[in-house]
Amino acid sequence: MATAQLTASSISGRSLPSFEGLRPSSVKFASAGNVKLVGVNQRSFRGLVVKAATVVAPKYTSIKPLGDRVLVKLKTADEKTQGGILLPTTAQSKPQGGEVVAVGEGRAVGKAKVEVSVKAGSQVVYSKYAGTELEFNGSKHLILKDDDIVGILETDDVKDLKPLNDRVLIKIAEAEEKTAGGLLLTEASKEKPSIGTVIAVGPGPLDEEGNRKPLSVAPGNTVMYSKYAGNDFKGKDGDYIALRASDVMAVLS
């Protein structure tokens, strides 16, 4: 089997990602056999984090979340496009929704005991990178905090999302079709707008006494929000975004 060697001088002039903490002996390339890293400082490989689902052994038959944590059974990724074309695994979008299986007892805020805002059986949408993945009873699950749940969605249309806590659901305004000079824009050159109409709002965040503070925006408001905030969703009648009220910068009129 052919063995390739990479020297520090051969890669010093290139822009490479950092793979800190990865042992040189564990790096393999199927097309080139085993690759030995010669003269490369191991410090340049620190910081790589490999995230994999935690497998729960079959001898454990139940999981009880603690505090304000929630156990969600994930929806399976779409294996086909709407036109019926099979998608390869790499092209299947990671789902951001699932069914609540179990909830914790809640948490204390000041002198008040605050229950988790969802119940077992609820269909929920959660933040894209939240929680810890589990393999349990042959299915993928996610255990995450109550605050990482964006809202409750009991239908297949995102416009019906019921935001939780300090989340706001916004229908994004359509991108401009032309420039100020009248030139038609291609899809690739259309700038994603940061303006939209508020569709629904959550009950608000908790104060130090455990009471809900109402949000400063309401359904029907036209708002401007932070460009890279929140979670984007494709609805039947347009694009939507769910974000925290703190990411809304202004109300337009």
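1. Arginine 107 and aspartate 68 form a side-chain salt bridge, with N to O at 3.7 Å; the term requires a side-chain nitrogen of Lys or Arg within 4 Å of a carboxyl oxygen of Asp or Glu. The two residues lie 39 apart in the chain, arginine 107 in strand 7 (residues 107-109) and aspartate 68 in the loop between strand 4 (54-55) and strand 5. Strands are DSSP runs (E, at least two residues), numbered from the N terminus. Arginine 107 is partly exposed at 39% relative accessible area, whereas aspartate 68 is buried at 14% (buried is under 20%, exposed over 50%, partly exposed in between; 1.4 Å probe, protein chains only).

2. This is a predicted model, in which local features need pLDDT of at least 70 and side-chain atom pairs 80 or more, while totals for chains, interfaces and linings use all residues. Residues are numbered from 1 along each chain as its sequence is written, and side-chain values use heavy atoms, without hydrogens and water.

3. The structure holds eight salt bridges. One of them joins arginine 244 to aspartate 147, with the closest N and O atoms 2.8 Å apart. Arginine 244 sits in strand 18 (residues 238-244) and aspartate 147 in the loop between strand 11 and strand 12, 97 residues away.

Definitions and conventions
Helix = DSSP H or I, 4+ residues; strand = E, 2+ residues; numbered from the N terminus.
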